[in-house]
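Me: Could you take a close look at the sheet of this model, and tell me how its strands are joined and what lies across them?

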Amino acid sequence: MEEDYVFKIVVIGDSAVGKTQLLGRFTRDEFFFDSKSTIGIEFQTRTVDIGRKRVKAQIWDTAGQERYRAVTSAYYRGALGAMLVYDITKRHTFEHATRWVDELRAHADKSIVVMLIGNKADLTGRAVHADEAAAFAEEQGLFFSEASALSGENVERAFLRLLHEIHANV
Ligand code: GDP
Ligand code: MG
């Protein structure tokens with residue numbers, strides 16, 4: 001059956017926070033411990049039912065460009081949603097979230113729906129409190145969830161929430 005909608009979603013955030021693994025978890029229910037940094041722009045898809053509609057999520061990965069601050073405006077073009085990922089054990093990756101929000105404001109559509117994800121929630125050695133991240137998200141108008149691509153905790157729920165919110169806007 002054909003889908004009713006294709007929703008482009010971009011995954012952004014610092015290098016090594018787990019963007020590629022979150023995408024693999026949501027689209028194929030896979031996780032790789034020794035993931036190579038992504039090469040070449042690519043996306044993965046998964047089709048889900050939202051209400052009575054069949055929605056194809058087309059989820060784009062940054063292709064390692066995050067290291068060079070070289071994510072181009074083409075990457076953001078047409079994106080209806082974004083997953084902004086940090087690592088709960090690496091404080092600087094959370095502090096950089098403001099820069100990523102600025103990037104979104106500069107390059108993405110004004111109506112883009114953004115979910116802040118504190119990934120690697122399976123690890124001990126937390127460096128960012130969930131309350132602090134939730135407050136930042138609220139102030140910036142982002143949705144927020146902690147998650148773990150490794151255990152799978154909250155990954156499905158966070159992506160589906162984002163898709164539902166986008167759907168509510170179309
Ligand atoms: P990216 O550069 O943001 O795409 O990060 P990757 O998805 O390549 O992940 C970077 C590293 O973190 C890899 O060694 C992954 O195995 C690891 N990783 C990713 N997600 C998680 C997670 O939820 N928990 C743990 N413990 N490790 C993770
Ligand atoms: Mg990657």
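Reply: In this predicted model, strand S4 (residues 81-87) and strand S5 (residues 113-119) run parallel and are joined by seven bridges, strands being DSSP runs of E of at least two residues and helices runs of H or I of at least four, both numbered from the N terminus. One of these links is at Val85, whose bridge partner in S5 is Ile117. Both strands belong to an open sheet of six strands with mixed pairing, in the order S2-S3-S1-S4-S5-S6, where two strands pair if DSSP finds at least two bridges between them. Strand S2 (42-50) and strand S6 (143-146) form the edges, each pairing on one side only, and neighbouring strands are turned by 25° against each other on average, direction ignored.

Helix H4 (residues 97-107) lies across strand S1 (5-13), S4 and S5, and runs at about 165° to S4, whereas helix H5 (residues 130-140) lies across S4, S5 and S6, running at about 160° to S6. Such angles run from 0 to 180 degrees between N-to-C directions, with axes fitted to C-alpha atoms, for helices over the stretch in contact.

As for confidence, the mean pLDDT of the chain (the predictor's confidence in each residue, from 0 to 100) is 92, and 92% of its residues reach 70 or more. Residues are numbered from 1 along each chain as its sequence is written, while chains are lettered from A and ligands numbered from 1 in the order in which they are written. Local features need pLDDT of at least 70, side-chain atom pairs count only at pLDDT 80 or more, and totals for chains, interfaces and linings use all residues, while side-chain values use heavy atoms, leaving out hydrogens and water.

Conventions: Contact = heavy atoms within 4.5 Å.
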